[in-house]
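Here is a short tour of one model.

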Amino acid sequence: MIANSSQTIIAMTQISTNMKKLICLLNDSRWHADSNISQQLGISRNAVGKLISQLKKKALAIESTTGKGYRLSQPLVLLNETAITKHIKPATYQAKTNIIIADCVNSTNDALKNLNTDTGGKIPVYLAEQQTAGKGRRQRQWYSPFGTNIYFSCLWQFSKDISKLAGLSLAVSIAIVRTLKACGFNDDFMIKWPNDIMWQNKKLAGNLIETVAESHGMVQVIIGVGINVNMPATAAQYIDQPWTTLNHIMTKYHDRNIITGTLISHLIPVLAAFSKSGLKPFQDEWQCIDHLAGKHIRLSNGKHHTTGLALGITEQGCLQVQHPNGEISVYSSGDISS
Ligand code: BTN
């Protein structure tokens, strides 16, 4: 999420196997005595105490009570490649993706950019439990605490001129909305041009597309997606815009592995269709979930501000705005308030 300037994220260095085992053990919301943890993990009670305080430092809500032991206040299912792959449908897409899961990176977009591993012709998908410098649009920060949300990046190559990619973030937004619907969440998600996924006027998710290479009509882009899934209410102090999270909307904890697998299943065909036909296949769907359509808006582009009535998008994905004097202008970028 867009973070305010006072955000502090405590970097989570690679989490140890014992820490992962401890998270899995505490994950049932029951109390676990330190003697029991020490036995299960095969480490001393002293070492258990150290692990617990390390986890607390990472802002994980661990309750402790004398006589009862420890428990997590809310469940925490870590990202897991096998669990994600199970939810990638159809199975052919499973073979097409190469999933990398990191505990903590600055930004999954940057980590994927710097990845030298040969992915053997597969689509590299980079996920992290935490980002310490998650990037939002317009040089903003994306608040990315440990183990709570989806921080996802994938690499895609288009045989197109870069000028034809203007509508890509709109297509990616449609893939996100399709994912949410396919996961059985309610149908009230809207897209605020160009890329904000909204629920009741609050931002739930966004995407950030960065070009990494361009030559002779070929463009390689990194598509970064952030979805608030199990964001704790305490995150409000770090976020400076109206926001929401799936655990609040649906009043329950969600397994990010299911949503991630479903996202891959919807993103791949959307990217393939966009490669072939641009935004054309998505125009009708866009109209049904266009958050701005018919609203009076204010569009800011750097120092330039304008107002008018939002009239939907062009074939290229630009926003059409009718100004008070009746003139219609088309915008390819901008920040909107309504
Ligand atoms: C926005 O709406 O401003 C775009 C937010 C994009 C956030 C995601 S999280 C995964 C990927 N890595 C980043 O650093 N940013 C994107």
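By class, the shell around the ligand holds six nonpolar, twelve polar and three charged residues. This is a predicted model. In total, 21 residues surround the ligand. The closest are Ser 107, Gln 131, Lys 135, Arg 137 and Lys 203.

Which elements build this shell? Helix 6 (108-113), strand 5 (150-158), strand 8 (202-215) and strand 9 (218-227) each supply at least two of its residues. Strand 8 gives the largest share, four residues.

| Residue | Protein atom | Ligand atom | Distance |
|---|---|---|---|
| Thr 108 | polar side-chain atom | nitrogen | 3.0 Å |
| Lys 135 | polar backbone atom | oxygen | 2.7 Å |
| Lys 203 | side-chain N or O atom | oxygen | 2.5 Å |

How much of the ligand does the protein cover? On its own, the ligand has 420 Å² of accessible area, and the protein covers 100% of that.

Next comes a residue of strand 8. Asn 207 has its place in this strand. Is Asn 207 buried or exposed? Its relative accessible area is 4%, and buried means under 20%, so Asn 207 is buried. Its side chain reaches the backbone oxygen of Ser 169 at 3.2 Å. Leaving aside neighbours within four places in sequence, Asn 207 is in contact with Arg 137, Ser 169, Val 172, Ser 173, Ile 176, Asn 195, Gly 224 and Val 225.

Now the aromatic rings. A pair of aromatic rings is described by the distance of the centres and the angle of the planes. A search of the whole structure finds three aromatic pairs. One of them joins Tyr 143 and Tyr 238: the ring centres are 4.8 Å apart and the planes meet at 35°, so the pair is tilted. Which parts does this pair tie together? Tyr 143 lies in the loop between strand 4 (123-131) and strand 5, while Tyr 238 lies in the loop between strand 9 and helix 8 (246-249). The pair therefore links parts that are 95 residues apart in sequence. Both Tyr 143 and Tyr 238 are buried.

Trp 156 and Phe 158 form another tilted pair, with 6.4 Å from centre to centre and 55° between the planes. Trp 156 counts as buried because its relative accessibility is 14%, under the 20% limit. Phe 158 also counts as buried, at 0% relative accessibility. Together with Phe 274, Trp 156 and Phe 158 form one aromatic cluster.

Terms used
Residues numbered from 1 in each chain as written. Predicted model: local features only at pLDDT ≥ 70, side-chain atom pairs only at ≥ 80, totals over all residues. Heavy atoms only, no water. Near = heavy atom within 4 Å. Polar contact = N/O pair within 3.5 Å; in protein donor to acceptor, adjacent residues only side chain to side chain. Areas by Shrake-Rupley, 256 points an atom, 1.4 Å probe, with all protein chains shown as cover. Nonpolar A, V, L, I, M, F, W, Y, C, P; charged D, E, K, R; others polar. Buried < 20%, exposed > 50% of the residue type's maximum accessible area, 1.4 Å probe, protein only. Contact = heavy atoms within 4.5 Å. Phe/Tyr/Trp six-rings, centres within 6.5 Å; stacked < 30°, edge-to-face > 60°.
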